[in-house]
Amino acid sequence: MSAFGAVALFYWLGQTPVEVIVPNVPGMDGRPAALPVRDSVRIGTIFENGPGKPSRLPGAWPSFRGADFANIATPSAPLAETWPSNGPPVRWAVDLGEGYAAPAVRDGRVYVLDYDESLKADMLRCLSLDDGRELWRRGYTVQIKRNHGLSRTIPAISDRCVVTIGPRAHTMCVEAESGRFLWGIDMERRFGTRVPDWYTGQCPLIDGNIAVLAPCGTNVFMLGVDLATGVTVWQTPSSGEWKMSHSSIVPGTILGRRMYVYAAVGGLVGVAADGPDRGRVLWQTAEWRAPVIAPAPVILPDGRIFVTAGYGAGGMVFKVAREEESFTVTVVRKFGPRDGLACEQQTPVYDQGRLFGVLTKDSGANRTQFACADHDGAILWTSGKDTRFGFGPFMVAGDRFLILDDDGVLTMARVDAERFLPMARARVLAGTDSWGPMALAGTRLLLRDSRRMICLELGETEENL
Amino acid sequence: MAEPVRKVTLSRRAFLKSSAGVTALAAAAAGLGLRRSAIAGDTVWQIDPDKCVQCGRCATSCVLAPSAVKCVHAYDVCGYCNRCGGFHTPTAKVTDTAAENQLCPTSAIRRTFVEDPYYRYDIVEALCIGCGMCVKGCGSFGNGSLFLQIRHDRCVNCNQCTIARDCPAQAITRVPASRPYRLRGVQGRSRDAQV
C-alpha cells in the first residue's frame with residue numbers, strides 16, 4: 001500500500017501542474033505596433049467674421065490662472081454677499097463643443113479655443129464680454145475623436161496676440177483684435193511630441209513678446225517663440241525621455257532668478273527665463289514621477305515648489321537652493337493622496353500663506369472635500385463630509401473662494417486659515433463635467449460645463465441683493 | 001457580459017477547487033428545494049453600487065469561493081481610455097497589458113484595442129473574485145463604469161448574507177427577485193433591468 005502511495009505521489013509530483021500558462025505581457029490587447037501617421041494640418045486656414053462688438057467692461061483674465069498665474073482675481077467692484085436661489089444672473093450663454101476648454105479675457109473680448117464638431121476643427125472664438133456674440137473665429141481642420149471631451153486648454157493673450165494650443169498640440173498665434181493669422185506650429189510633427197492620453201492639456205504661456213511652449217519632443221524640451229514672427233528665440237534641448245504632461249509652464253522668480261517651472265511626465269524642471277543663458281536647465285529632478293499630471297506646479301516662498309497629481313500620486317514639496325548661478329533641488333516631503341493636499345485636475349491656490357484645493361477621490365474620508373494645507377501640503381482643515389465637490393475648478397475672487405462641482409453647482413465661501421464658511425450655493429449649469437477653469441473679469445464670471453459656457457454677474461446688482 | 005476567453009487547463013489547484021465546488025453545488029442543490037418556497041418570487045440580495053466602498057470583503061466574506069460577487073461593466077458609461085483606472089495600476093508608467101501594470105490580482109479584465117485612442121475592457125467572469133480593486137480604480141480615476149454585483153447564477157441566497165453582514169457601508173440589501181440587479185448606464189435606468 002505504501003509502495004502504491006509512493007508511486008502515486010511520485011506520479012503526481014511529476015506532472016506539470018498547469019499545461020498552458022498565459023503570461024501577461026505587453027501586446028495582448030491587439031494594439032498595432034505602429035499607429036497610422038497623423039494627417040497633416042494647415043493651421044489657421046479657417047476664418048469667419050461675426051456680429052459681436054468688443055465690450056467696454058473692465059477686467060481681464062489673460063491666461064490660465066490669470067495675469068499672475070495665481071488664480072486669484074481682483075474684482076473691479078465689490079461682489080454680492082448673497083445670490084438669488086437660482087444663482088447669480090446669467091448675462092449670456094453660448095454652446096460649445098464637448099470639452100473643458102476655458103476662456104481668457106482681455107479688452108472686452110473673450111477668447112476660447114473651442115472644437116467645432118460639425119466642421120471638425122479647432123476654432124478660436126472671440127466673443128464679446130457684453131453679450132457673448134462672436135466677433136470672429138479662426139481655426140483649422142483637425143480630426144479629434146471624443147476622448148473625455150474634445151477641447152481642454154486656455155488661450156494666452158498679450159496686448160497684440162492670442163496664442164492657443166489645440167488638443168493635438170497644434171499651436172496657433174493670431175492678432176488679438178482682428179484674428180489675423182500670424183503663425184502656427186504642429187508640435188507633434190515638428191518636435192516629435194507625444195500627445196498625452198486624452199489630448200493636450202498644456203496651456204500656452206506668453207512672457208513679454210515670447211510664447212513659451214513645452215513640446216517635450218525628441219530633441220526640443222521647451223522653447224521660446226517670437227510672438228510677431230513665429231521664429232524660435234531660444235530652446236531647451238531634450239533627451240526625449242521626459243514627455244508632455246497635461247500640466248502647464250509656470251513662470252516665477254525663485255531665489256532671485258526668473259525661471260519657468262514645468263512638471264513633465266518624467267520629472268520636474270526649472271528653466272532659465274532670462275539672461276544670456278535663457279533656456280538653460282537650472283535644475284531638474286526625476287523624483288516627481290506621476291504618470292498623469294494635470295495641476296501646474298505652485299511656486300511657494302523660500303524656494304519651495306508644491307506639486308500634486310491624481311492617479312494615486314498625491315503630492316510632493318521640493319526646495320530649490322542656490323549658490324551663485326548653480327541651483328540644486330531636494331525633496332522636502334512626499335505624501336500619498338490620503339496624507340496631504342492632493343488634487344487631480346485643478347491646480348491648488350496659494351493664498352494667505354496656505355494652500356487650498358479640492359482633494360482627489362482617493363483621498364480617503366476627506367475625498368472631494370475642499371481643503372486647506374500648510375506649505376508642506378499637510379491638511380489643516382477640510383470643508384467637512386457634507387460639503388464635497390469633485391474635479392471642478394476653484395479660484396479666489398477678492399475675499400472669497402468660488403468653487404464649482406462636477407455638475408455645475410457653484411459655491412461661494414469665505415475662507416481663511418482657520419475655516420470654511422459657505423456664503424451662497426446655486427446650480428448655475430445644467431450639464432456634467434464642469435471641469436474647465438473659471439475666469440473672472442471685472443465682476444463677470446465665465447464658467448462652463450461640458451457643452452455650454454455662461455457669463456454670470458457677481459457684482460452688487462439688484463438681482464443679487 | 002463577456003464570456004470567459006482564457007484557455008486554462010485543469011491544474012491541481014483548479015481540480016481541488018472544482019471538487020469543492022461540486023460538493024458545494026450538490027449541497028446547494030439539495031438545499032434549493034427546501035428554500036425555494038421561501039425565496040422564489042420574493043427577494044434576493046444585491047449590492048447598491050452607489051453605496052459600495054470597495055472594501056474588498058465581497059471577495060472574502062461570501063460563503064462561496066470564489067465569491068458570488070463579480071465585477072460588471074456598463075459599457076455605455078465607459079470612456080474606452082488608453083489609460084484605464086480600472087485596468088492599470090495608478091502608477092503604471094506604460095499603458096500596456098504587462099502584468100506589472102495591471103491592477104486586477106487575477107487578470108480578470110481583458111483589454112482589446114478598438115481604434116486609436118479607444119480600448120475595450122471586458123470582465124472575464126471565470127477569473128473575477130469580486131475584490132473590487134478595479135471598481136475602486138474606475139471610480140477614483142474614471143467614469144465609474146465598473147461596479148460589483150451579486151451574480152444570481154452563483155448566489156445561494158442565504159437567509160443572512162455573510163457579505164451583507166460584513167459590509168461596512170450597508171450597501172447590500174434585499175431587492176425584488178423580479179429585478180435582481182442594480183445596474184448603471186442605460187440598463188440601470190430601466191426598471192426591469194436584467195444582466
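I took helices (H or I, at least four residues) and strands (E, at least two) as DSSP runs, numbered from the N terminus. I worked on a predicted model, where local features need pLDDT of at least 70, side-chain atom pairs count only at pLDDT 80 or more, and totals for chains, interfaces and linings use all residues. Residues are numbered from 1 along each chain as its sequence is written, while chains are lettered from A and ligands numbered from 1 in the order in which they are written.

**Entry 1: chain B**

I looked up chain B and found five helices and six strands. Along the sequence they follow the pattern α-β-α-β-β-β-α-β-α-β-α. I then checked burial (buried: 20 or more other C-beta atoms within 10 Å of a residue's own; exposed: 12 or fewer; partly exposed: in between; C-beta atoms placed from the backbone). Of the 195 residues of chain B, 39% count as buried. For contacts I used C-beta atoms, placed from the backbone, within 7 Å. In chain B, 75% of the contacts with a separation of 6 or more come from residues 24 or more positions apart.

**Entry 2: chain A overall**

Chain A has two helices and 34 strands. Its radius of gyration, 24 Å, is close to the 23 Å that the globule rule gives for 465 residues, so chain A is as compact as a globular protein of that length. The radius is taken over C-alpha atoms, and the rule is 2.2 Å times the number of residues to the power 0.38. I noted that the C-alpha trace spans about 100 × 55 × 50 Å along its principal axes. Buried residues make up 53% of the 465 in chain A.

**Entry 3: helix α1 of chain A**

Helix α1 covers residues 2–14 of chain A and reaches 18 Å from first to last C-alpha, close to the 18 Å expected at 1.5 Å a residue. The expected span is 1.5 Å times one less than the number of residues.

**Entry 4: two sheets of chain A**

I counted two strands as paired if DSSP finds at least two bridges between them. One open sheet of four strands runs β3-β34-β33-β32 in chain A, with antiparallel pairing. Its edge strands are β3 (90–95) and β32 (439–441) of chain A, each pairing on one side only. The twist averages 20 degrees from one strand to the next; axes are lines fitted to C-alpha atoms, for helices over the stretch in contact, and angles run from 0 to 180 degrees between N-to-C directions. Three bridges hold β32(A) antiparallel to β33 (residues 444–448) of chain A, and A:Leu440 stands opposite A:Leu445.

An open sheet of five strands has the order β1-β7-β6-β5-β4 in chain A, with antiparallel pairing. Here the edges are β1 (46–49) and β4 (104–106) of chain A. Strands β4(A) and β5 (residues 109–116) of chain A run antiparallel, joined by three bridges. I saw A:Arg106 opposite A:Arg109 in β5(A).

**Entry 5: A:Trp198**

Where does A:Trp198 lie? I placed A:Trp198 in the loop between α2 (187–191) and β12 (205–207) of chain A. A:Trp198 is buried because 20 other C-beta atoms lie within 10 Å. Leaving out residues up to four places away in sequence, A:Trp198 touches A:Asn147 and A:His148. The C-alpha atoms of A:Trp198 and A:Ser151, 47 residues apart along the chain, are separated by 9.4 Å.

**Entry 6: where the chains meet**

I found 25 residues of chain A in contact with 29 residues of chain B. The chain A side divides into eleven nonpolar, seven polar and seven charged residues. Nonpolar means Ala, Val, Leu, Ile, Met, Phe, Trp, Tyr, Cys and Pro; charged means Asp, Glu, Lys and Arg; the others, Gly among them, are polar.

Note on methods:
Contact = placed C-beta atoms within 7 Å.
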